Amino acid sequence: PQEEVGKMVSAFAQRRNYIVDRLNEISGVSCYKPVGAFYVFPNFSEYYGKAYQGKKITNSTDLADYFLDVAKVAVVPGVEFGADPFERLSYATSMEDIHEGIERIEEALKRLS
């Protein structure tokens, strides 16, 4: 039976569309809709050069550390994939967790100066 597979495909498409749309609504962030996989790869480089409490964000590793420390959201730095302007975010989780994570990221970005 393929009924459950269809439900899973639909759920992942809904999560993907939501996370891409929400990321693209955040000023300074751009994200293409992935064709496969369970993650997105948004560009956050507009925030490089900004700082929080004296600590400057200079690359994807700094930003990933910042998100973990301040937003309590884990992302994978794009430099690990040869693309430093980006962060990798998974959407292989509940819609509730995705919503909460994006809200936290958005609030954390507002704190940078």
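I started with Y66: at 6% relative accessibility this residue counts as buried (buried is under 20% relative accessible area, exposed over 50%, partly exposed in between, with a 1.4 Å probe and protein chains only). Before going on, I noted that this is a predicted model, where local features need pLDDT of at least 70 and side-chain atom pairs count only at pLDDT 80 or more, while totals for chains, interfaces and linings use all residues. Residues are numbered from 1 along each chain as its sequence is written, and side-chain values use heavy atoms, with hydrogens and water left out.

**Rings**

Y66 and F67 make a tilted aromatic pair, 6.2 Å centre to centre with 45 degrees between the planes. My cut-offs: rings of Phe, Tyr and Trp (its six-membered ring) pair if their centres lie within 6.5 Å, and planes under 30 degrees apart are stacked, over 60 edge-to-face, the rest tilted. F67 is buried too, at 0% relative accessibility.

I count 7 aromatic pairs in the structure. One of them is Y52 with Y66: the centres are 5.4 Å apart and the planes stand at 65 degrees, so I logged this pair as edge-to-face. Y52 sits in strand β2 (residues 51–52) and Y66 in helix α2 (residues 60–71), so the pair ties together parts 14 residues apart in sequence. For the element names I rely on DSSP runs numbered from the N terminus: helices are H or I with at least four residues, strands E with at least two. Buried or partly exposed, what is Y52? Partly exposed, at a relative accessible area of 21%. Ring pairs join F44, Y52, Y66 and F67 into a cluster.

**Sheet**

I then traced an open sheet of 3 strands, ordered β1-β5-β4, with antiparallel pairing. β1 (39–40) and β4 (76–77) are at the edges with a single partner strand each, so one side of each has no neighbour in the sheet. Two strands pair if DSSP finds at least two bridges between them. β1 and β5 (residues 87–90) have 2 bridges, and β4 and β5 have 2 bridges as well. Which residues face each other? V40 stands opposite L89 in β5, and V76 has R88 as its bridge partner there.

On β5, E87 and L89 form the covered face, R88 and S90 the uncovered one. In a regular strand, side chains alternate between the two faces of the sheet.

**Charges over rings**

Back to R88: its charged end sits over the ring of Y39, 4.3 Å from the centre. The test is NZ of Lys or CZ of Arg within 6 Å of the ring centre and within 35 degrees of the ring normal. I also found R15 over the face of F12, 4.7 Å from the ring centre.
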